Amino acid sequence: MNVASLEFLLGLFALGAAFFLLAGHLSRRCALFVLNLAVLYLANPAPLSWILLGVFLVTGYGTALWARARSAKGAVALYLAVFTLVFVILKRYDFLLPLLPGLILEHPILITGLSYIFFRQVHFIVDAIQGQIENPSFWTYLNYQLNFFCLLSGPIQRYQDFASYWVAPEPPPASREEVLRAFLRILMGVGKVTVLAAALLMAYDRMGEWRLTWLSQANAAPLPVTLAWFLGMLYAYPLYVYLNFAGYCDIVIGGAFLIGMRLPENFDRPYLSRNLIDFWTRWHRTLGFWVRDYIFTPLYMALAKRSPQAASRWAFACYFVAFFLVGMWHGSNLKIVVFALLHGIGVSAAKLWEAWLLKRGGRAGLRKYLESRPIRALAVFLTLHYFVFTVLFFPTHLAAEATPLHALLAWLQW
Amino acid sequence: MDELRAQLQEVFREVFDDEEIALRDEMTGNDIEGWDSLMHLNLIIAVESRFGVKFATSEISNLRNDGENVGSMVSLLAKKLGRG
């Protein structure tokens, strides 16, 4: 389902116009529930997927409530391990091929928004057993998980925020300006997705075709042309990914605002980050915060409590593990392992560099370093290009020979 | 509460290795040098150990949100210790 499609946008505007005409919270909630199911059905009508999704949701909710009543952390850990294993199999990660019989990965099951359902479920279970969610109802939980604004690609809203809306919805946007701002946000999102991102993708595809043509001809393209082609490919894809995803977020955040639902922001000028740790608080922010809260924090705290003397060394390892896993989530083929390793190394290196600066110049030296505008400009430039380099390993739809990675490896004669 | 603040100040001084820290409720991460996300976790570990309490994952991250400050930590700690 394309959120920038005319059908989706017309549906969104109709919902925004009619939602507050419905009398009472219950009728509005029922309307949203029906819409959630309808979007899910349109995205994937396969009965097997619905059954498996139902099993996921019921077991997740049941485990959270059961473990909360009994403080059964061992059982939760077991459930999360099994849940993660099933998630990994359903995502068909190629690196599992040597470990699992091929048949297991050749299943026909496709669950719409599986990754985001997984993230929300882990958050819900952990927060529930830690007493951070009071009296969760299955009705609220079900709509939280199936909320069509966040179903396809996030943002990863927290249960507490959704529940406060669900139980006591916000009133209609207070002023005409607020409504216009929401429409403008949607319009900007549509522009990003359907004009800018689409044009970049078209250019990227065309450049890929050029590369295949050059390879099929006896005479290679002149060096300046090849260099211009490489740079074009290098920048086009990261820019396309950003505009496409940020545009999607603009549409769903603006659309949700029309019915009084506040969704978390997912981007904050990520290409102006000064290092890769900073980058992950600006790019797909709700994923970065989820990783911080449900992978990095528990891992670091467990290790640092066990051996406080080695806490700072553990921090580097935890940064690596957390962002290696983030990288791995982004794809299923073997190239994504390199992408993930580069992100794990990038965040660990950023922390190591900061520790070195602190050791060398103390807190005053670090502050001076952080306040320097030329250093900031250089740091932003280097971070942007490091990220752009990692995207060379990001899976795309182009044939391997048409990609800039292939050209780079051929140039290096590797 | 004042005793709690004084004890918390000792923890802050120890974690940030700065004997001159004088806690006030309105202080945030910007007012204490080095209070970044990693030091926040070290601070939480030290507070848990000193007061024998445990913070939930979402409490740890919420304490770093905009609008939260030392006063938020004092209140949460007091609640956990049954002094709130």
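Let's start with the aromatic cluster in chain A. Ring pairs tie together A:F33, A:Y61, A:F124, A:F138, A:W139, A:Y141, A:Y144, A:Y159, A:F162 and A:W166. Keep in mind that this is a predicted model. Over all chains, the count of aromatic pairs comes to 54.

One of those pairs is A:Y271 with A:F387. Their ring centres sit 5.8 Å apart, with 45° between the planes, so the pair is classed as tilted, the class between 30 and 60 degrees. This pair joins distant parts of the chain, 116 residues apart. A:Y271 lies in the loop between α11 (223-258) and α12 (276-279) of chain A. A:F387 belongs to helix α16, residues 373-391 of chain A. Buried or exposed, what is A:Y271? A:Y271 has 18% relative accessibility, so it counts as buried. A:F387 has 5%, so it counts as buried too.

Now a helix pair. Take α3, residues 47-70, and α4, residues 73-90, both of chain A. Their axes are 10 Å apart, and the packing angle is about 165°. The two helices are therefore roughly antiparallel to each other. The crossing of α3(A) past α4(A) is left-handed. Who makes the contact? From α3(A), we have A:L52, A:F56, A:T59, A:G60, A:T63, A:W66 and A:A67. From α4(A), the partners are A:A75, A:V76, A:Y79, A:F83, A:V86 and A:L90. By type, that contact holds 10 nonpolar residues, 3 polar and no charged.

On the α13(A) side, the contact uses A:L287, A:V291, A:I295, A:F296, A:L299, A:Y300, A:L303 and A:A304. On the α14(A) side, the list is A:A311, A:W314, A:A315, A:C318, A:Y319, A:V321, A:A322, A:F323, A:L325, A:V326 and A:W329. How do these residues divide by type? There are 19 nonpolar, no polar and no charged.

Past the end of α14, look at A:H330. This histidine is in the loop between α14 and α15 (335-371) of chain A. A:H330 touches A:W280, A:L287, A:I336, A:F339, A:F394 and A:P395, leaving aside residues up to four places away in sequence. A:A304 is another story: 26 residues from A:H330 in sequence, and 29 Å away in space, C-alpha to C-alpha.

A:Q145 is in helix α7, residues 138-146 of chain A. With a relative accessible area of 0%, A:Q145 is buried. What does A:Q145 touch? Its contacts are A:L57, A:Y116, A:I117, A:R120, A:Q121 and A:L151, again without residues up to four places away. From A:Q145 to A:Y116 is 29 residues in sequence and 8.5 Å in space, C-alpha to C-alpha.

Last, chain B. B:S58 is in helix α3, residues 57-62 of that chain. At 6% relative accessibility, B:S58 is buried. Which residues does B:S58 touch, beyond those up to four places away in sequence? They are A:D127, A:Q130, A:Q132 and A:Q160.

Conventions: Residues are numbered from 1 along each chain as its sequence is written. Chains are lettered from A and ligands numbered from 1 in the order in which they are written. This is a predicted model: local features need pLDDT of at least 70, side-chain atom pairs count only at pLDDT 80 or more; totals for chains, interfaces and linings use all residues. Side-chain values use heavy atoms; hydrogens and water are left out. Axes are lines fitted to C-alpha atoms, for helices over the stretch in contact, and angles run from 0 to 180 degrees between N-to-C directions. Helices (H or I, at least four residues) and strands (E, at least two) are DSSP runs, numbered from the N terminus. Angles under 35 degrees count as roughly parallel, over 145 as roughly antiparallel, 65 to 115 as roughly perpendicular and the rest as oblique. A crossing is left-handed if the near helix is turned anticlockwise from the far one by less than a right angle, and right-handed if clockwise. Contact means heavy atoms within 4.5 Å. Ala, Val, Leu, Ile, Met, Phe, Trp, Tyr, Cys and Pro count as nonpolar, Asp, Glu, Lys and Arg as charged, and the others, Gly among them, as polar. Rings of Phe, Tyr and Trp (its six-membered ring) pair if their centres lie within 6.5 Å; planes under 30 degrees apart count as stacked, over 60 as edge-to-face and the rest as tilted. Buried means under 20% relative accessible area, exposed over 50%, partly exposed in between (1.4 Å probe, protein chains only).
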